[in-house]
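This report describes selected packing features of one protein chain. Please read it with the sequence and the structure at hand.

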Amino acid sequence: MSQTVSTRPFEDQRPGTSGLRKAVSVFQQANYLENFVQSLFDCIADELDGATLVLGGDGRYHNREAIQTILRMAAANKVHRVLVGRGGIFSTPAVSAVIREHGAAGGIILSASHNPGGPQGDFGIKFNARNGGPAPEALTERIYARSLTIDRYRIAPPQHIDIDTPGLYYLEQMEVEVVDPVTEYAQLMQRLFDFERIRELIHGGLRLHFDAMHAVTGPYAKVIFEELLGAAEGSVHNGVPLADFGGGHPDPNLTYAAELVRAMQAEDGPDFGAASDGDGDRNMILGRGFFVTPSDSLAVLAANATLVPGYRDGLTGIARSMPTSRAADRVADALDIPCFETPTGWKFFGNLLDAGRITLCGEESFGTGSDHVREKDGLWAVLFWLNLLAVRQQSVADIVRDHWRRYGRDVYTRHDYEGVDAQKAGELMSALRGKLGTLPGQAYGGLNITHADDFAYDDPVDGSRTEHQGLRILFGDEARIIYRLSGTGTQGATLRVYIERRETRETHIDSDAQILLRSLIEAADTIAGINAHTGRERPDVIT
């Protein structure tokens, strides 16, 4: 019989836009995970009785133990059925797809995304709602409020469920179905993309290098790229999910995916390269000797969408997060469709997707997606690019350069200052916020500041207003500098500085971004006083 266990509140269980992320050691505290899960269950109690939930994660350290605990709690809270990915594995976009396919009440995803794993690393948990997307802010606030007053949780007696063997199990009256996490997702991808044409491209000689970074997409990539599409065995690198991601940092960028970058820079290297992150929702795209910024990737996919079966009827609209470059805006203008500028966070895209206002969306932080799920989707983006290569019969670099010649290039970079003292980072942002009104009219790098503000968003679907989403310095339509503090880390603060400038000169259009943006990079430090406030002379990561 299930039991009720007395507990006490923890005051640090406020979920952010990507759920609750803390060090593994925090989640290992007695009752910590249980408190958060029960707070969630209490807030959706009316939806749980007789419901189906989806459960899985990215395979990081503590994933298996957490799954067993959550299953026992789900049984005690009258959940009818839980679908668990084999081995506890489920990519974030696959969870979204399965929720939507099965009409589930929601899904619990165990991941800290691109944060490091292992005993000394991070762990995370988030809830995705019935639409397959991240829980709305109103729900996450209710969960946090409940966590401050909770005094008990419900849990069934210990009973180990063999999550490595697909099949149907019972925990008290609750059904636990262990499923292949790849099958339904792969079927969805085959409905969206022309697998036969991609197979022909690969059989015709295209060499593929996909780096799964020892994270969740390894099993998906092996089935999709090597088995279904016929890529050579070994095309998927670091394909076995490991609890510590092999000691690496599962973040698909030029710094942490160094092995892939080296391979793609070789003269005889692969023709196409890609990587995904811890939970499978991010992507990095590379051609031989050529890096595609996430901003350009979204714009190129939008401009070529009708070449792909799932989008042959065209797009209803595009959305991008505010720090993402304005390259997608230019495509939307040409297609005569709306382009929405939203705060960072996939839930803002979810409202637009559910309302049918957009088809494609993306963030500069290596996340791209569409209306097929309610999450960003790393492997979906890779398949989209492969489909374009197959149809256009051009290299990655040639496709992007053709795009720049038509629309102009939004030269773009992001500078990350990681692990900054949180107080100093806050002081920097406060000081800069205080002088925004004095900046218009000042000149930097040969450009005049025309506008400066603290970005706020009025949701066109639900009418809500979201404020303080980043400080914007605009130089008309030519350039922008944006400053944000990121909430995805667990140690200190990360200051992100985004810099972009439009380039249409043919002689400069293919030049190195850091060179083209040098004057604005210097201006970004001068305007905000980054070195003066933080003591940092250079960023930790440049993308």
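This is a predicted model: local features need pLDDT of at least 70, side-chain atom pairs count only at pLDDT 80 or more; totals for chains, interfaces and linings use all residues.

**Aromatic rings**

A pair of aromatic rings is described by the distance of the centres and the angle of the planes. The count of aromatic pairs in this model comes to 13. One of them joins F210 and F225, whose ring centres are 5.4 Å apart and whose planes make an angle of 55 degrees. The F210–F225 pair links distant parts of the chain. F210 belongs to strand β10 (residues 208-211), F225 belongs to helix α9 (residues 217-228), and the two are 15 residues apart. Both F210 and F225 are buried.

A second pair is formed by W380 and F384: the centres are 5.3 Å apart and the planes stand at 80 degrees, so this pair is edge-to-face. W380 and F384 are both in helix α14 (residues 378-392), and because they are four residues apart, about one helical turn separates them. An α-helix has 3.6 residues a turn, so residues three or four places apart point the same way. W380 has a relative accessibility of 0% and therefore counts as buried. F384 is also buried, with a relative accessible area of 0%.

Ring pairs also connect F10, F27, Y32 and F123 into a cluster. Elsewhere, R409 lies over the face of W404, and the distance to the ring centre is 4.3 Å.

**Helix packing around α2**

Which helices does α2 pack against, and at what angles? Helix α2 (residues 32-43) packs against helix α4 (residues 63-76) and against helix α6 (residues 137-147). The table gives the values for each.

| Helix pair | Angle between axes | Axis distance |
|---|---|---|
| α2 and α4 | roughly 40 degrees | within 11 Å |
| α2 and α6 | about 120 degrees | 8 Å |

The angle of roughly 40 degrees makes α2 oblique to α4. The crossing of α2 and α4 is right-handed. On the α2 side, the contact with α4 is made by L33, E34, V37, Q38 and F41. The α4 side contributes A66, T69, I70, M73 and A74.

With an angle of about 120 degrees, α2 is oblique to α6 as well. The crossing of α2 and α6 is right-handed. Here F36, S39, L40, D42 and C43 of α2 meet L139, R142, I143, R146 and S147 of α6.

**The enclosed helix α5**

Helix α5 (residues 92-102) has 11 residues, and because eight of them are buried, the helix is largely enclosed by the rest of the structure. The buried residues are T92, P93, A94, V95, S96, A97, V98 and I99. Their cover includes the strands β3 (52-57), β4 (81-89), β5 (106-110) and β6 (122-128), together with the helices α7 (183-192) and α9.

**Residue A493**

A493 is in strand β27 (residues 493-503). Its relative accessibility is 10%, so A493 counts as buried. Leaving aside neighbours within four places in sequence, A493 is in contact with Y417, E418, G419, V420, A422 and A425. The C-alpha atom of A493 is 17 Å from that of H249, a residue 244 places away along the chain.

How values were computed:
Residues are numbered from 1 along each chain as its sequence is written. Side-chain values use heavy atoms; hydrogens and water are left out. Rings of Phe, Tyr and Trp (its six-membered ring) pair if their centres lie within 6.5 Å; planes under 30 degrees apart count as stacked, over 60 as edge-to-face and the rest as tilted. Buried means under 20% relative accessible area, exposed over 50%, partly exposed in between (1.4 Å probe, protein chains only). A charge sits over a ring if NZ of Lys or CZ of Arg is within 6 Å of the ring centre and within 35 degrees of the ring normal. Axes are lines fitted to C-alpha atoms, for helices over the stretch in contact, and angles run from 0 to 180 degrees between N-to-C directions. Angles under 35 degrees count as roughly parallel, over 145 as roughly antiparallel, 65 to 115 as roughly perpendicular and the rest as oblique. A crossing is left-handed if the near helix is turned anticlockwise from the far one by less than a right angle, and right-handed if clockwise. Contact means heavy atoms within 4.5 Å.
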